[in-house]
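Dear colleague,

A summary of the findings follows it.

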Amino acid sequence: MSTIASTQKVNWKGGVSPYNVSYGKLMMWFFLMSDAFTFGAFLISYGTTRLSASYWPDPNEVFDKAPFINAKLPLVFVSLMTFILIMSSVTMVLAVHAGHLRKRKEVAKWLSLTILGGILFLSCQAYEWTHLIEGGTTISHNMFGPIVNGHHTPGPAAFGSFFFTITGFHGGHVFSGVVINTIVLINVLMGTYDKRGHYEMVEKVGLYWHFVDLVWVFVFTCFYLL
Amino acid sequence: MEQQATITATLEDESAHAFDSTVARIWRVFWILLIVTLVEIALATVHYFFGVPPVLLRNVIFLSLTLVKAFYIVAEFMHLRHEVKNLILSIMIPLLLFIWFITAFLTDGNSWRIDRERRAVQTEQVNPAP
């Protein structure tokens, strides 16, 4: 603690970054901060619209299907998706850690597992979207309204538009994360970072990947739990 | 030559030790995240089938647990806790704006609902059903 405080004093005199991280990592942090505001704005506008409506669909009723199982299972499938994403975050930290130790094979192994987790998550999302769209839920229409005389009535259109926009934007981030991770994996396998002398690129994509996981934590709470 | 060998051995020893403790910490965070998520799902299921706890309390618990998970992801996985204070503050202080965003917008949404419901009641009074 005291060593950090003393280096900080020196650092503010110029010549060295007062943040004690490289330019690339610092810019990744600032990008993620701006991205946090984007997702924050999405989720807050969702919350505002939801609070302004006198009726809102119950997530336990909307998200109650899982593939291959013909029964009502509230939240089971989305819990699996959450588990996959947390797991891929863990493999990413392990990849970053192996990068610190410059173990090329370890980095490649953990990074491949991270990519696999990302692809699995996207497949789950594709299933969920397909199921919802086939059930008549679109960005402008859904049948999750209150039950009148035993029949479902149209629910608030904003439900579908917010759901598809926000999970779609998050899924887009997962997809670009998978693409970037794949590019980094190719570089790891080609030995680019061994030549460079450090695996910092793995740390940078790691930051991005954890941020995607972080956003999912909030999306999960806002759409599936509340 | 011998000295260098000793130094290399010590370095390897230390890195092996650091490897173990860091990996152990990573898995500890994983278990925390997993257990918190399972608690959330259990709470959602209990509320869905038995109606307890009341919605407001349930939501407060959900949001608190979400912040716990967010803390562990940012602090440990993204390593922010172990960065210098300058970086932590530069990232965290702007995010404090969210406190105002959330307060202002959710209050706005809620007041719209109250207004809408009041109007609905008034309309019924003005035009009674035939």
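In this predicted model, the secondary structure of chain B consists of 4 helices and 0 strands, and the order along its sequence is α-α-α-α. Chain B has 130 residues, of which 12% count as buried.

I turn next to the contact between the two chains. Chain A contributes 39 residues to this contact and chain B contributes 44 residues. On the side of chain A that touches chain B, the elements giving two or more residues are α1 (2-11), α2 (23-52), α4 (76-100) and α8 (200-225) of chain A. The most is given by α2(A), with 10 residues. Sorted by class, that side of chain A holds 23 nonpolar, 15 polar and 1 charged residues.

The helix α2(A) also packs within its own chain. Its axis and that of helix α6 (residues 157-190) of chain A come within 11 Å and cross at roughly 165 degrees. Because angles over 145 degrees count as roughly antiparallel, α2(A) is roughly antiparallel to α6(A). The crossing in which α2(A) passes α6(A) is left-handed.

Which residues of α2(A) meet α6(A)? They are A:F42, A:L43, A:Y46 and A:T49, and their counterparts in α6(A) are A:A158, A:F162, A:T165, A:I166 and A:F169. By class, this contact of α2(A) with α6(A) comprises 7 nonpolar and 2 polar residues, with no charged residues.

In short, α2(A) takes part both in the side of chain A that touches chain B and in a contact with α6(A).

Yours sincerely

Notes
Residues are numbered from 1 along each chain as its sequence is written. Chains are lettered from A and ligands numbered from 1 in the order in which they are written. This is a predicted model: local features need pLDDT of at least 70, side-chain atom pairs count only at pLDDT 80 or more; totals for chains, interfaces and linings use all residues. Two residues are in contact if their C-beta atoms, placed from the backbone, lie within 7 Å. Ala, Val, Leu, Ile, Met, Phe, Trp, Tyr, Cys and Pro count as nonpolar, Asp, Glu, Lys and Arg as charged, and the others, Gly among them, as polar. Axes are lines fitted to C-alpha atoms, for helices over the stretch in contact, and angles run from 0 to 180 degrees between N-to-C directions. Angles under 35 degrees count as roughly parallel, over 145 as roughly antiparallel, 65 to 115 as roughly perpendicular and the rest as oblique. A crossing is left-handed if the near helix is turned anticlockwise from the far one by less than a right angle, and right-handed if clockwise. A residue is buried if 20 or more other C-beta atoms lie within 10 Å of its own, exposed if 12 or fewer, and partly exposed in between; C-beta atoms are placed from the backbone.
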